Amino acid sequence: MDIIFGRNKKEQLEPLRARVTGRIPAWLQGTLLRNGPGMHTVGETRYNHWFDGLALLHSFTIRDGEVYYRSKYLRSDTYNANIEANRIVVSGFGTMAYPDPCKNIFSKAFSYLSHTIPDFTDNCLINIMKCGEDFYATMETNYIRKINPQTLETLEKVDYRKHVAVNLATSHPHYDDAGNVLNIGTSIVDKGKTKYVIFKIPATVSGGGKKGLSPLKHMEVFCSIASHSLLSPSYYHSFGVTESYIVFLEQPFKMDILKMATAYLRGASWASCLAFHREDKTIHIIDQRTRKSVLTKFYTDPMVVFHHVNAYEEDSCLLFDVIAYEDSSLYQLFYLAKLNKNFEENSRLTSVPALKRFAVPLHMDKNADTGSNLIKLSSTTARALKEEEDQVYCQPELRYEGLELPRINYAHNGKRYRYVFAAEVQWSPIPSKIIKYDILTKSSLKWGEVHCWPAEPVFVPTPGAEDEDHGIILSAIVSADPHKLPFLLVLDARTFTELAHASVDVEMHLDLHGLFIPGADWDAGKQAPSREERDRAAERRVAPRTW
Ligand SMILES: CC1=C(/C=C/C(C)=C/C=C/C(C)=C/C=O)C(C)(C)CCC1
Ligand SMILES: [Fe+2]
């Protein structure tokens with residue numbers, strides 16, 4: 001799997017016209033903008049983990065049936081420092097590197113725990129977030145990087161900590177109909193407390209357009225939830241929302257803050273400070289009207305969740321769907337040493353990701369017997385069993401085994417919905433097919449091709465569509481076969497038949513997440529990068545030697 005994971009990918013700065021086979025619907029105009037790790041070696045040094053890789057942004061601009069591809073490394077401080085030193089000098093998820101900016105923090109104040117939270121990387125490789133009219137590359141630390149979605153140029157570095165007290169924040173925010181962003185982060189040992197902070201970034205700021213009035217400067221804390229433990233908050237990758245509630249899983253996959261505080265000195269990675277405890281897991285349900293957790297204590301069996309799929313309310317119950325694992329083995333599998341050698345043997349998941357539906361009663365029947373099931377819905381077999389003292393044990397319904405990177409028609413986010421679009425994964429963490437799972441009929445449709453590894457499928461609705469699946473699925477497909485070019489796949493979301501594919505003659509990276517920016521106002525073919533950008537690129541263009 002060296003072709004996929006072992007080689008640094010080259011940038012494609014000039015828009016490259018793809019070879020389109022089939023027909024892209026005329027209404028489909030816009031840019032699929034995605035993010036993921038593209039470079040794992042710098043000079044003679046190598047990152048250990050796939051999630052450490054330097055962020056490589058790429059985009060497919062679809063204009064009048066044609067597709068133009070471009071890619072560019074995020075010029076994060078992390079990227080610049082590494083390239084300048086010609087070796088890895090900034091730590092990632094699975095690699096502790098030296099010298100590191102956090103060195104100063106350690107030498108400054110070791111006596112106060114609250115000062116020992118190190119400065120993390122700004123290598124924002126996971127997703128793209130839209131804030132008002134602006135776009136940001138995101139990861140899970142306190143930094144996000146503004147980008148130009150058209151040229152993929154890197155702009156300001158934003159430190160969440162300047163606006164809300166969070167050391168970490170997810171790269172899976174939610175958006176309401178007006179485009180306001182809702183996200184959650186962790187505030188570690190701040191003023192003697194560790195808490196999860198839910199915050200909002202407004203889509204617009206009054207007096208907008210004027211310089212300096214970035215929505216980020218107007219972000220505000222919506223509410224916060226105290227962590228069960230001061231020194232071991234949960235690790236989480238996403239959360240759920242409904243029209244009136246927020247779902248947050250305080251899972252037993254935890255960060256050990258004391259280990260993190262000494263990691264740099266011990267030469268240990270951040271990843272080694274995460275551990276799965278096989279304890280119960282708390283389900284926090286936050287009422288958006290009161291901004292407080294509901295009083296009933298909901299919990300479930302130990303599991304690890306990275307992606308929430310969707311959540312909604314139905315007949316006084318809250319239903320939420322997640323992709324759940326029985327252990328934390330997923331993160332272990334992405335060590336490059338495993339991915340690049342004996343891939344088939346080394347990369348077997350010990351727990352298959354499964355779509356599970358949970359049901360939580362929103363109004364407790366005080367007279368219900370202890371042990372009784374509080375869920376009376378005919379649509380699910382998920383149960384919520386009443387226990388003593390306002391405690392409820394939730395047992396999910398298993399809906400589908402072997403899928404990850406879920407996406408939905410976002411118009412249904414927080415609302416009743418029927419379709420999950422995802423990548424199919426069996427015993428290996430690498431997707432082999434794209435799947436459309438129908439929650440109502442429990443049936444599925446699939447797309448797959450030999451040696452093809454699909455990325456997360458993104459749903460784009462047909463203008464004026466009434467049906468939830470009336471639209472297109474876009475996915476970037478890379479191949480393990482060196483003779484097969486990577487391509488943008490265009491599927492009819494209803495039938496899952498291929499409408500077109502657009503091949504590009506580049507070495508494309510396997511990415512993580514992204515979004516579609518609709519619109520026809522960019523002239524894709526003509527848009528060359530600025531002269532200054534080109535000159536800078538020429539200096540850095542040649543990717544460092546690969547091993
Ligand atoms: C650097 C760093 C982190 C990085 C986490 C990353 C990079 C997670 C990537 C997750 C992905 C890609 C999941 C996909 O499902 C932590 C642990 C937040 C905290 C310490 C510093
Ligand atoms: Fe994710």
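1. Leucine 152 is a buried residue, at 1% relative accessible area; here buried means under 20% relative accessible area, exposed over 50% and partly exposed in between, with a 1.4 Å probe and protein chains only. Leucine 152 sits in the loop that runs between β11 (143-147) and β12 (154-159). Strands (E, at least two residues) and helices (H or I, at least four) are DSSP runs, numbered from the N terminus. Phi of leucine 152 is positive, near 65 degrees, in a residue other than glycine.

2. A word on conventions before going on. This is a predicted model, in which local features need pLDDT of at least 70, side-chain atom pairs count only at pLDDT 80 or more, and totals for chains, interfaces and linings use all residues, while side-chain values use heavy atoms, with hydrogens and water left out. Residues are numbered from 1 along each chain as its sequence is written, and chains are lettered from A and ligands numbered from 1 in the order in which they are written.

3. For the overall picture, the protein has eight helices and 40 strands. Of its 547 residues, 60% are buried. Among contacts (heavy atoms within 4.5 Å) with a separation of 6 or more, 62% are between residues 24 or more positions apart.

4. Now to the metal. Which atoms coordinate the iron ion (ligand 2)? The donors are the NE2 atoms of His172, His237, His307 and His513, at 2.0 to 2.1 Å. Donors are taken as N, O and S atoms within 2.8 Å of the metal (3.2 Å for Na, K and Ca), and water is not among the atoms, so sites may look incomplete. The spacing of the iron donors in sequence is H-x64-H-x69-H-x205-H. Histidine 237 is in the loop between β17 and β18 and histidine 307 is in strand β25, so this pair ties together parts that lie 70 residues apart in sequence.

5. Why is the arrangement around the iron ion (ligand 2) irregular? The four donor atoms subtend angles of 94 to 147 degrees, which makes it so. For reference, four donors count as tetrahedral if all angles lie between 85 and 135 degrees; four count as square planar and six as octahedral if opposite donors are over 155 degrees apart and all others between 65 and 115; anything else is irregular.

6. The record can be set beside this. In an unreviewed entry, UniProt lists His172, His237, His307 and His513 under "binding site". These residues are spread over 342 residues of sequence, yet they cluster in space, with a largest C-alpha distance of 12.5 Å. Among them, His237, His307 and His513 belong to the lining of the largest cavity. A cavity is, on a 1 Å grid over the protein atoms alone, a set of points where a 1.4 Å probe fits but cannot get out, and lining residues have an atom within 4 Å of a point. The UniProt positions follow the numbering used here, feature names are shortened, and annotations may be inferred rather than shown by experiment.

7. Histidine 237 is buried, at 7% relative accessibility. Not counting residues up to four places away in sequence, its contacts include Ile126, Thr170, Phe306 and Tyr331. Its side chain also makes a polar contact of 2.4 Å with that of glutamate 140. A polar contact is a pair of N or O atoms within 3.5 Å; within protein, one must be able to donate a hydrogen and the other to accept it, and residues adjacent in sequence count only if both atoms are side-chain atoms.

8. Histidine 307, in strand β25 (residues 304-314), is buried too, with a relative accessible area of 7%. A polar contact of 3.2 Å joins its side chain to that of histidine 237. Beyond four places in sequence, its contacts include Val322, Glu404 and Pro406.

9. Back to leucine 152: one of its partners is leucine 57, whose contacts also include Arg34, Lys72, Ile128 and Ile147. Leucine 57 lies in strand β7 (residues 54-63) and is buried, at 0% relative accessible area.

10. Last, two loop residues. Aspartate 390, between β28 (383-387) and β29 (391-395), has a positive phi of about 55 degrees without being a glycine, and is partly exposed at 34% relative accessibility. Serine 378 is in the loop between β27 (354-361) and β28, and counts as exposed at 80% relative accessibility.

Terms used:
On a 1 Å grid over the protein atoms alone, a cavity is a set of points where a 1.4 Å probe fits but cannot get out, and a pocket is an open set with protein on both sides within 12 Å along at least five of seven lines; lining residues have an atom within 4 Å of a point.
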